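Open the model in your viewer and get ready to select a few residues and elements.

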Amino acid sequence: MIEELLVAVAGAAAAAAVYAGAAARVVKQYERGVVFRFGRLRNDVRSPGFTMIVPLVDRLHKVNMQIVTMPVPAQEGITRDNVTVRVDAVVYFKVVDAADALIRVEDYKFAVSQMAQTSLRSIIGKSDLDDLLSNREKLNQGLELMLDSPAMGWGVAIDRVEIKDVSLPETMKRSMARQAEADRERRARVINADAELQASKKLAEAAEVMSDQPAALQLRLLQTVVAVAAEKNSTLVLPFPVELLRFLERSTAGPTGAAATGTASGSAAGAGEAAAVTRPFSEAYLRGAADAAARVEPVEDLTGASVEPVPAEDGA
């Protein structure tokens, strides 16, 4: 009798152990458990930790509540200003209602992926190229709003959407590079012109000061000479001030003018005598001239009839 009782107790214990093993479940911290009993949803969502279900009756589905990072495949499209681009993005979302994520949509990850691709194509067609390149924050917000509206009905919340890269054709890249170079060159010319204008104003003010104080020009000249000499050049170009030449001209104008007046009067008095006096030639000069004339042969008259050439005789 006792043996039969022990066997029954052992059998019950084994059955309880099997039942407990089949009914015991563990839900992790980042998961939630959704129980279906005979295919019907149980209202209670199992929280993280140890939980029990009815074997062969209940089915426990664990739903991940972490933020999911999903890359959106690159989508080609034509912008509003007729430029062909290729844009890819990334979507961050998470499940906020585990029951809706299982019941309302077959595969919420696939649904979010397809919705993200469709919304990205729509954003490309509605935007200009400049907006895609420089105003991405606004486009990201637009994408998030387009995805969040249907996703809330699936128990999914869109955390954020980011456009990763915008690929342009090579011809467009070259055109944009030329435009940027031209703009930078324009700004450089404007800056140079502004600098020249400011420098000209300062130089004009400096010229006015130097015109009032001539010594300032001499000091500036000496500073320039010192700056050039500091370079250790083999040739030193020293500018000669024009004022010094004018000073020398004024200082020598008086004596030179008086001497020129005296010379002019003396020349006018002796002009008659100089005209009457003739310098005699030497005998050696006269003999040399006679010998040279004797050696010169007389030239025949070259104005006569021309001489016809004599034809050669036959057989010569």
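Select Pro55 and show what surrounds it: beyond its neighbours within four places in sequence, Pro55 is in contact (heavy atoms within 4.5 Å) with Tyr19, Ala22 and Ala23. Draw a distance to Ala20 as well: 35 residues separate Pro55 and Ala20 in sequence, and their C-alpha atoms lie 8.9 Å apart. Pro55 sits in the loop between β4 (49-52) and β5 (58-64); helices (H or I, at least four residues) and strands (E, at least two) are DSSP runs numbered from the N terminus. Pro55 counts as buried because its relative accessibility is 18%, and buried means under 20% relative accessible area with a 1.4 Å probe, protein chains only.

A note before moving on: this is a predicted model, where local features need pLDDT of at least 70, side-chain atom pairs count only at pLDDT 80 or more, and totals for chains, interfaces and linings use all residues. Residues are numbered from 1 along each chain as its sequence is written, and side-chain values use heavy atoms, leaving out hydrogens and water.

Next, select the open sheet of 3 strands, ordered β6-β7-β8 with antiparallel pairing; two strands pair if DSSP finds at least two bridges between them. Its edge strands, β6 (68-78) and β8 (156-167), each pair on one side only.

Now zoom in on β7 (residues 84-95), which pairs with β8 over 10 bridges. Find Arg86, which stands opposite Ser167 in β8.

Finally, show helix α3 (residues 108-126), which packs on the sheet and touches β6, β7 and β8.

How values were computed
Axes are lines fitted to C-alpha atoms, for helices over the stretch in contact, and angles run from 0 to 180 degrees between N-to-C directions. Buried means under 20% relative accessible area, exposed over 50%, partly exposed in between (1.4 Å probe, protein chains only).
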